[in-house]
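Please look over the sequence and the structure shown below before reading on.

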Amino acid sequence: MENLKFVLEILKNKKDTFKRDYFIPKAWNTAGCHEGILYEKDGEICINPYEYYACVIENHILRYAGQNGCYNEFSGERDRDLIQELKGKIIYSILVRAFTAWYHTEGVLSPGTFLKTICLLPYLKNMNVDIIYLLPVFEYGTKYKKGDLGSPYAIKNIYKLDKNLHDPLLGEFAEPLIETEFKAFVEACHILGIKVMVDFVFRTVSRDNDLLVEHPDWFYWIDLEYADCFSAPVTGEKEPFAVDRDSIGILYRSEGISKYIAQFTYSPDKIDPEKWAKLVERHKKTGENILGLIESEFKITTVPGFSDVVNDSQPPWTDVTFLKFYFDLHEEAKKYVGENTPPYIMQDGVRLSVFRGRLENRELIDYITGVIPYYQKTYGIDGARIDMAHALSPDLNTEIIKRAKAINENFILWSEEFDPVKAENAKKYGYHFITGTTWEIYNGIDEPGFNSALITDNLLKSGLPVIAALETPDTPRAALRYQDKRILSMLVFLNYFIPNAVPFINNGMEVMEIQPMNLGLGNTEAGRFVLDRTDPMYGKLAFFDAYCIHWKNTDCIGDILSHAGKIRKSFSDILTKKENFIIFPKMLKHTKITSLCYYDNDAGRGVIFVANRDKQEKVEIDIEKFVPAHIGKKKLEVVYAGNRSAGEPTFLSEKTCLGPCEFLIISIQ
């Protein structure tokens, strides 16, 4: 707790020096802190930030020190079933720079910081959050940046923190200070019983990554004249496909491949070693952007990134480039390309899980596999999501995980795997859960086959738990898709009761944010223009622009999430065991009703979630038919009646009616 106490001491020492107005959203103050509050106005409160933040840290975080025992919750006991335990947790996703961004002073949008995020931990605890998942918090590149700020996924130096996450209230920026702020954040989370996961990206980096200075040969280079028109190769096959050993010939024999490869050249140190040495010396002396100097002096640049899927509709990822994990071509490529060809990359080269060379870039691998252990030892993080884990080689995946688990046997690992069938492979590496596509399946809630699509065809097919998400940082917002609040409320509870899943909340979902953070999945360019034109955030994406959540929204679902979380926690011992879920084939085929039943034979108790998905018609149910015969006669009691029409009974009868979008949670005892 020494870092959190250090931050607290700075705040206390400076509280009498603050003499101006400083506003925060009223919604942030779920802790009910009174110190430092001057007055309220239009959904905001004016505070002395030093006094207010000190109050939150001292009275609403540090006072719980030693009470939660969280720090060792996932570590130390090798025989614990971490996968099962994770099913009982709730994850909250945060892009720090947007999550606590606000107009603290009129007309000036200040970015989110670690300090402000610490002070929202009581807010997250109120929603029963167990794990905070941080999108990248590292220093990111600005050359070829997208938007106002640039993407946090365009990482310039993965061993350094993003300096913008430092809070100026604590003093002038310095690397030791921001490191203390992040350590304080992790400490505060642990005190409140919350784990911290961080998103790591290892396949791509920013185009002007710091490694260019010492290791230009770790990158792929093209002539500068092709940079503006560069795109990944396409084939005559119309449908997108993931290239494998059977289809690689289609890629290499497609029209235009020779022209594509001809764009590539050698790294600057190979082109002119003497000139390169002088350029590096100049960079170190002046601090000029290394890629800018290379482009100016050598007329070459790092190749833009792209999807590993051939014929993908995604445009090039112009702000990132690929790292070179092998210095030679893989065997299949050698059949089509001459030995004297400069290093190049196509979709096959991106897919290290399938195609690998023989000359391994061992120094790069050591650099990459040391990243997570560094953040474990330095900051005490508890888990990691590996971006594009499916595109890494089996050896690299294995080594990354092995080194992380050597420090903490129960380090939480999340694979960005969408296909539930491939979860078994991720499990072999040591991952504990996958991304999946629940958000996409929920779009078909009106479809007759929804139950099977969600349960048997998806969740139960996965060898690992899947995140249960109505939205993710890459998808359209749930509040935009489900504008009828009854549907959204029903989906929140359904999402908390589906089997083999870990509930996931994306920052801003609770205030019914409709603006997406990114357009990566299930969206189009039009998706960025969903706000009113007069809104300051119109057209902005948090992944690339200065953005703040609409914290002053009054129509929110925070209470619904909080209540759903509490009810879920009361049944978590039942929900976490896969064998407790009982499949009703007849119910799965029902066109209007979704019913989920869990029963623990040893405990002699269970729970039923049943919902009418129809938006207009009521349905009549005989609840006895939702209880499996082998359980026998049990006491059934309604724990919660959601969206229940006024005057409708909440008790059960032989013929219970569920109105449009109504749902019940029923205990079995």
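Two strands count as paired if DSSP finds at least two bridges between them, and helices (H or I, at least four residues) and strands (E, at least two) are DSSP runs numbered from the N terminus. This is a predicted model, in which local features need pLDDT of at least 70 and side-chain atom pairs count only at pLDDT 80 or more, while totals for chains, interfaces and linings use all residues. Residues are numbered from 1 along each chain as its sequence is written, and side-chain values use heavy atoms, with hydrogens and water left out.

**The five-stranded sheet**
- Five strands, in the order β23-β24-β25-β29-β27, make up an open sheet with antiparallel pairing.
- Because β23 (581–582) and β27 (636–642) each have a single partner strand, they stand at the edges, and one side of each is left without a neighbour in the sheet.
- Helix α22 (residues 485–497) packs on this sheet, touching β24, β25, β27 and β29 (663–668), where contact means heavy atoms within 4.5 Å.
- The direction of helix α22 makes about 150° with that of β25; axes are lines fitted to C-alpha atoms, for helices over the stretch in contact, and angles run from 0 to 180 degrees between N-to-C directions.
- Strands β24 (residues 593–600) and β25 (residues 605–612) run antiparallel and are joined by eight bridges, with Ser595 standing opposite Val610 in β25.

**The three-stranded sheet**
- Another open sheet, also antiparallel in its pairing, has three strands in the order β14-β12-β15.
- Its edge strands, β14 (264–265) and β15 (300–302), each pair on one side only.
- Three bridges connect β12 (residues 221–223) with β15 in the antiparallel sense, and Ile222 has Thr301 in β15 as its bridge partner.
- Helix α13 (residues 290–298) lies across β12 and β15, at about 150° to β15.

**The disulfide**
- One disulfide (a pair of cysteine sulfur atoms within 2.5 Å) is found in a search of the whole structure, and it is formed by Cys33 and Cys55, whose sulfur atoms are 2.4 Å apart.
- The pair links distant parts of the chain, 22 residues apart, with Cys33 in the loop between β1 (23–25) and β2 (37–41) and Cys55 in helix α2 (residues 49–60).
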